[in-house]
Amino acid sequence: MATSHDYDVIIIGAGPIGLACGIEARKNGLSYLIIEKGCLVNSLYNYPLNMTFFSTSERLEIGEVPFISHGAKPNRVEALEYFRRVSTTWNLNVKLYEKVLSLEHEGTGHLIKTTKDVYTCSQAILALGFYDLPYLLNVPGEELSKVKHYYDEPHPYFGQKIIVVGAANSAVDVALETYRKGADVTMVVREPEIAESVKYWVKPDIENRIKEGSIKAYFNSEIIRIDDISVEIKTQEGIHVLENDFVLAMTGYQPPFDFMNACGIKFREDEFHTPVYNEQTMETNVPNLYLAGVVCGGLKTNKWFIENSRVHAKLIIDAIKKNAGEQNAIQSD
Ligand SMILES: Cc1cc2nc3c(=O)[nH]c(=O)nc-3n(C[C@H](O)[C@H](O)[C@H](O)COP(=O)(O)OP(=O)(O)OC[C@H]3O[C@@H](n4cnc5c(N)ncnc54)[C@H](O)[C@@H]3O)c2cc1C
């Protein structure tokens, strides 16, 4: 315990974008370490087993490693295989199952404490994602084991009365998949309709299933209590008690704001609690601390994804190289 290791760059999070940052650091001859609290691409590992990405495979590529999938759009298993291959192709320096507990800005660099060790670095990149903290329903009964905030596969719900909470992409995918595998599905949706952002090739499917009554839906409604055999919901027409076996709360996830706060990162006063960073360099208000990937969007979790945030890696490493060049020039003056 407590051995100290010093790196040019430490990257927290081995999701696709953390790996992209590691590759870019390596390409530029920087010493680097990626620290991940779970397995490689931990968020993707925890996605629904049968999910298919909405992006075509070449748009998920990093480090010039080709991503060939069976269909135009890869599935979870293909993505896991792809990112394992990326990691071995680039021989990335990744420590898995090691959670970062704190990052303190010290001098011009950072001191990082994990569950296993202590490190120092000149530059740090937070590529933390947002898949660890689900929005809670905050209702009595939420702690029951029948209430899930993550969905894996449909089989356990065969022949069961399930409630799917939410009306965005995840909720719609879960409602359709469980319905098609024999669950009795009711959606409880706070908004007046299925979200506009639902994938255009899926939206008519869910709307037609609701229209024909195969999937029941309560709009402008919310759960107010859950017990072992039923759920109470508040609708515009009053309170209903529904018989129920499982509640799948697909209500979204939020970035680790507490951790970011503790690192000294400031937030804008907008509705999304967007972290403060320079869009050209991705550097936060804390000197030499950068943000990469989906975490940059704050609560606007559909702003950044793999496709459009892969570029963060190059922006950051270019900025680090430029800063280092300027420092050297000052020292040699
Ligand atoms: C169902 C679903 C489908 C999607 N489909 C697509 C798609 O088709 N195309 C697309 O571009 N995007 C898609 N996305 C979004 C995409 O998966 C995410 O944008 C992607 O995971 C973001 O990568 P990231 O590296 O920023 O974050 P993540 O992949 O979430 O990685 C963050 C990592 O940081 C780790 N971490 C967090 N805190 C700590 C800590 N304290 N210490 C150590 N490690 C830590 C986490 O364990 C995690 O592995 C989809 C998302 C979902 C949920």
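This is a predicted model: local features need pLDDT of at least 70, side-chain atom pairs count only at pLDDT 80 or more; totals for chains, interfaces and linings use all residues.

Which residues of α4 are buried?

Modeller: The buried residues of α4 are Ala-171, Val-172, Val-174, Ala-175, Leu-176, Glu-177 and Thr-178. An α-helix has 3.6 residues a turn, so residues three or four places apart point the same way. As for what they pack against, the buried residues of α4 meet β9 (161-165), β10, α5 and β15.

The length checks out too: α4 covers residues 169-180, and its 12 residues should span 16 Å at 1.5 Å a residue, which agrees with the 17 Å between its end C-alpha atoms. Just after α4, Gly-182 takes a positive phi of about 90°.

Now for the surroundings. Asp-245 sits in the loop between β14 (238-243) and β15 (246-249), and β15 is one of the elements that α4 packs against. Asp-245 counts as partly exposed because its relative accessibility is 31%. A polar atom of the Asp-245 side chain lies 2.7 Å from the backbone nitrogen of Lys-161, and β9 covers 161-165. Beyond its neighbours within four places in sequence, Asp-245 is in contact with Lys-146 and Gln-160 as well as Lys-161.

Over by the other two partners, Tyr-200 is in the loop between β10 (184-188) and α5 (203-212). With 69% relative accessibility, Tyr-200 counts as exposed.

Definitions and conventions
Residues are numbered from 1 along each chain as its sequence is written. Side-chain values use heavy atoms; hydrogens and water are left out. Helices (H or I, at least four residues) and strands (E, at least two) are DSSP runs, numbered from the N terminus. Buried means under 20% relative accessible area, exposed over 50%, partly exposed in between (1.4 Å probe, protein chains only). Contact means heavy atoms within 4.5 Å. A polar contact is a pair of N or O atoms within 3.5 Å; within protein, one must be able to donate a hydrogen and the other to accept it, and residues adjacent in sequence count only if both atoms are side-chain atoms. The expected span of a helix is 1.5 Å times one less than its number of residues.
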